[in-house]
Amino acid sequence: MGTVPKLPPPPPEELRRDPLPLRGRTALVTGASRRGGIGHAVARRLAAYGASVCLHHHVEHDAAMPWGADRIEDVVASVREALGDPDARVLAGPGDLSDPAEPAALHARVVEALGGRLDILVANHALSGSDGDLDTVDAAMLDAHWAVDARSVLLLVQAHARHRAALPPGTPGGRVLMMTSGQDIAGGMPGEIAYALQKGALASITRSLATALADHAVTVNTVNPGPVDTDYLTGEVYDAIAARFPAGRWGMPDDPARLLAWLATDEAGWITGQVIDSEGGFRR
């Protein structure tokens, strides 16, 4: 017989799901500046589960994209409507994460705004566009995607690890959730070399970060949401991609958001170091 005590089976009351599993928890969701995006959907799910949520945005990025920028006031109002706990709050603030000093500064601002503790970090932001294939990619493209898609995420995780290490032992709820893009699945992303390179780096570093944060009771997982309709594609190509899903439709932002929100709860506390595909059976 071993000397390590075994945990008993949970009592019946613990098997019943709490309708607000994130009550009292706090979250930062980066890249949550558009109601059509995954970040907004994740923030609404976290809020609906009881968490207080801070939305990071960089409107200048969206304004330069074909889909355009959204009004941050409308994004905040949408998330606030989903609040499950009347005592929870929804905040928002800007940040240019291409600046190497901004990830730690953003994390510190959010911790202060949320009362001194941040439980859940969802690194959803990414640089879109300005990419190329192997023939056209250049150093500027590589550097731009590295700064936003990988470096800023790692610096945010670093700030979060330091913050959680300073909290009292046993503080519950430490979560880091990152986003990748299926670049490791058949076919890859040959038309977006710079983007795929940095997203691949996040997938590869997931297990190392999970090990590094384990002693701080923080889990680290990465989600590949698959093709998601975030208003960037229309027409015949849109229809052709929809036909590749068994359901006959694209993934919608709330599809990966459900998984991400669940990974933030205590029910997912035994899952860490994983890259999880949420693709609805997409056929390549």
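Predicted model: local features only at pLDDT ≥ 70, side-chain atom pairs only at ≥ 80, totals over all residues.

Colleague: Where is Ala-217 found?
Modeller: Ala-217 sits in the loop between α7, residues 193-213, and β6, residues 218-224. The backbone there has a positive phi of about 60 degrees, although Ala-217 is not a glycine.

Colleague: And what about phi of Asp-231?
Modeller: Asp-231 also isn't a glycine, and its phi is positive, near 70 degrees. You'll find Asp-231 in the loop between β6 and α8, which covers 235-242. Asp-231 counts as partly exposed because its relative accessibility is 49%.

Colleague: OK, switching to helices. How do α2 and α4 cross?
Modeller: The axes of α2 (residues 38-48) and α4 (residues 72-81) come within 8 Å and cross at roughly 35 degrees. The crossing is right-handed.

Colleague: Which residues make the contact?
Modeller: From α2 you have His-40, Ala-43, Arg-44 and Ala-47, and from α4 Val-75, Ser-78 and Val-79. By class, the residues of that contact are four nonpolar, two polar and one charged.

Colleague: Why is α2 largely enclosed by the rest of the structure?
Modeller: Because eight of its eleven residues are buried. Those are Ile-38, Gly-39, His-40, Ala-41, Val-42, Ala-43, Leu-46 and Ala-47.

Colleague: What do the buried residues of α2 pack against?
Modeller: Quite a list: the strands are β1 (26-29), β2 (52-57), β4 (120-123) and β5 (174-179), and the helices are α4 and α9 (254-263). Just after α2, Gly-50 has a positive phi of about 110 degrees.

Colleague: You mentioned α9. Which residues are buried in α9?
Modeller: Pro-256, Ala-257, Leu-259, Leu-260, Ala-261 and Leu-263. The buried residues of α9 pack against α2, β5, β6 and β7.

Colleague: Now α7. What is Ile-193 in contact with, leaving aside its neighbours within four places in sequence?
Modeller: Ile-193, which is in helix α7, is in contact with Asp-131, Gly-132, Asp-133, Leu-134 and Val-137. Ile-193 counts as partly exposed because its relative accessibility is 27%.

Colleague: Next, His-160. What is the relative accessibility of His-160?
Modeller: It's 0%, so His-160 counts as buried. His-160 has its place in helix α6, residues 139-165. Not counting residues up to four places away in sequence, His-160 touches His-107, Leu-118, Asp-119, Ile-120, Leu-121, Arg-175 and Val-176.

Colleague: Going to the end of the chain a bit, where is Gly-281 found?
Modeller: Gly-281 is in the segment after β7, which is 274-277. Gly-281 is partly exposed because its relative accessible area is 46%. Setting aside residues up to four places away in sequence, Gly-281 touches Arg-244 and Pro-246. Gly-281 and Ala-247 are 8.5 Å apart, C-alpha to C-alpha, and 34 residues apart in sequence.

Colleague: Last topic, pockets. How much space lies in the second largest pocket?
Modeller: About 400 Å³. The second largest pocket has 15 lining residues, and those nearest its centre are Arg-17, Asp-18, Pro-21, Asp-266 and Glu-267.

Colleague: What classes of residue does the lining of the second largest pocket have?
Modeller: Six nonpolar, one polar and eight charged.

Terms used
Residues numbered from 1 in each chain as written. Heavy atoms only, no water. 1 Å grid on protein atoms, 1.4 Å probe; cavity = no way out; pocket = protein on both sides within 12 Å on 5 of 7 lines; lining within 4 Å. Points joined across faces, edges and corners; volume = space filled by probe spheres on them. Nonpolar A, V, L, I, M, F, W, Y, C, P; charged D, E, K, R; others polar. Helix = DSSP H or I, 4+ residues; strand = E, 2+ residues; numbered from the N terminus. Buried < 20%, exposed > 50% of the residue type's maximum accessible area, 1.4 Å probe, protein only. Contact = heavy atoms within 4.5 Å. Axes fitted to C-alpha atoms, helices over the stretch in contact; angles between N-to-C directions. Left-handed = near helix turned anticlockwise from the far one by under 90°.
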